[in-house]
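Have a look at the structure below. This report walks through a few of its features, from aromatic rings to a sheet.

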Amino acid sequence: MSLKRVVITGMGALTPVGNDVSTFWKNLVAGVSGAAPITRFDAEKFRTRFACEVKGLDVTSYIPRQEARKMDPFTQYAVIAADEAMKDAGFDADTLDLDKAGVIWGTGIGGLKTFEEEVMNFAENGKTPRFNPFFIPKMIVDSASGVLSIRYGFRGPNFITVSACASATNALIDAFNYIKLGMMNVCISGGSEAAVTIAGVGGFNALKALSERNDSPETASRPYDKDRDGFVLGEGGAALILEELEHAKARGAKIYAEMIGAGMSSDAYHITAPHPDGLGAHIVMKNAIENAGIKPEDVDYINTHGTSTPIGDPQEIKAIEKFFGEHAYELNISSTKSMTGHLLGGAGAIEAAACILAIRDQVVPPTINHFTDDPEINPKLNLTFNHAQKREINIALSNTFGFGGHNASVVFKKYED
């Protein structure tokens, strides 16, 4: 059986720097920060009082109120992003084979807000069990893929991947492989997260994972800067339409890029800390490049995991230098989390979208908020500090790593027939 080629034919985004793909990309290239004081709850007593929230969103302008009430925000974000992607892809509903169309979505935490609200209501009501009948369907992580499958009538594979901050990338990898194997023609894939909640911020504060730069939220996410002090929590999501190439060509679809490879690995080291030598990161990039059938020197741009944590950033850079050798200094590297914050399980989707748009427009979005060089990071590397850079981009790599030692990388290429 010959393997199929997989292309991207639609995209949707709901992010802290834009509620659609066009605005998201415009603000990434312009170096706009999405960080601001938290509005989701009163964060006055928290060590971190800011986040990268989705802004100016009226959910009911996308989803009828009665439907929206049955969804946790992470599912609402999935629906809004997927609707944009489906419209962008331009399917003819009358000719699409729904039995060969699926949904593979990613989330790291799922319905945290729903769980938090129900437990707090239980405690506040004298521990009287008056739970919302939609509590369980709203909370469970697979609700997003289920809702999308029902919404579009897609009867192919339908499930959620959960691998912490690598979740959305793992979803893309599964979709990629299912289409390559001929098990689907079309897949809505991506990821979403809605963890800017009391429990989300409080929990990550307890881990000492979040930046506490409350006096300057917009400069708090500073990957690769000497004075970085933790990541900035983000929310939102993105959807990609993955499609078998011949299927896309037959219907005259526009093609953004081709997905040519994917890799996975495990650090097998620590539940929250990365391997100190970047071993898992090195292995996952090696696996992705080999799976793509290309050489390391073919890569032009890497969108890194780059969360702005003291121990995480240098390890990924070590892995890049070790794997790419001298070619590491010819690459453009950037962390768009400097603008979007860290969307946890949704991060891989918006960062994959950023890679695809970088290929389309031949421009690398920047790593903003660089003020002081880190002596642990080689100054010969082009980390695209503070300003976008035009360059030829034929192949882009996106890295995502998650608590538990999960590593996932995907490779996109400029489409050529």
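A residue counts as buried under 20% relative accessible area, as exposed over 50%, and as partly exposed in between. Keep in mind that this is a predicted model. Phenylalanine 115, with a relative accessible area of 40%, is therefore partly exposed.

Now for the rings. A pair of aromatic rings is described by the distance of the centres and the angle of the planes. The structure has nine aromatic pairs, and two of them are set out here.

| Pair | Centre to centre | Angle between planes | Kind |
|---|---|---|---|
| Phenylalanine 115 and phenylalanine 135 | 6.2 Å | 35° | tilted |
| Phenylalanine 204 and phenylalanine 403 | 6.4 Å | 55° | tilted |

Take phenylalanine 115 and phenylalanine 135. Why does this pair count as tilted? Phenylalanine 115 sits in helix α4 (residues 112–124) and phenylalanine 135 in helix α5 (residues 135–139), so the pair ties together parts 20 residues apart in sequence. Phenylalanine 135 is buried, at a relative accessible area of 11%. Both rings also belong to one aromatic cluster, made up of Phe115, Phe122, Phe131 and Phe135.

The pair of phenylalanine 204 and phenylalanine 403 links distant parts of the chain, 199 residues apart. Phenylalanine 204 is in helix α8 (residues 198–206), while phenylalanine 403 is in the loop between β13 (395–402) and β14 (406–413). With a relative accessible area of 11%, phenylalanine 204 is buried; phenylalanine 403, at 32%, is partly exposed.

Helix α8 also holds asparagine 205. Is asparagine 205 buried or exposed? Its relative accessibility is 4%, so asparagine 205 counts as buried. Its side chain makes a polar contact of 2.9 Å with that of threonine 48. Leaving out residues up to four places away in sequence, asparagine 205 touches Phe46, Arg47, Thr48, Leu210 and Glu212.

One more ring is worth a look: the charged end of lysine 380 sits over the ring of tyrosine 329, 4.2 Å from its centre.

On to the strands. Ten of them form an open sheet with mixed pairing, in the order β5-β4-β6-β7-β1-β8-β14-β13-β9-β10. At the edges are β5 (158–161) and β10 (332–334), each pairing on one side only. On average, neighbouring strands of this sheet are turned by 25° against each other, direction ignored. Eight bridges join β8 (residues 257–266) and β14 in the antiparallel sense. Glutamate 258 has lysine 413 as its bridge partner in β14. Helix α3 (residues 73–89) lies across β1, β4, β6 and β7, running at about 130° to β1.

Terms used:
Residues are numbered from 1 along each chain as its sequence is written. This is a predicted model: local features need pLDDT of at least 70, side-chain atom pairs count only at pLDDT 80 or more; totals for chains, interfaces and linings use all residues. Side-chain values use heavy atoms; hydrogens and water are left out. Rings of Phe, Tyr and Trp (its six-membered ring) pair if their centres lie within 6.5 Å; planes under 30 degrees apart count as stacked, over 60 as edge-to-face and the rest as tilted. Helices (H or I, at least four residues) and strands (E, at least two) are DSSP runs, numbered from the N terminus. Buried means under 20% relative accessible area, exposed over 50%, partly exposed in between (1.4 Å probe, protein chains only). A charge sits over a ring if NZ of Lys or CZ of Arg is within 6 Å of the ring centre and within 35 degrees of the ring normal. A polar contact is a pair of N or O atoms within 3.5 Å; within protein, one must be able to donate a hydrogen and the other to accept it, and residues adjacent in sequence count only if both atoms are side-chain atoms. Contact means heavy atoms within 4.5 Å. Two strands pair if DSSP finds at least two bridges between them. Axes are lines fitted to C-alpha atoms, for helices over the stretch in contact, and angles run from 0 to 180 degrees between N-to-C directions.
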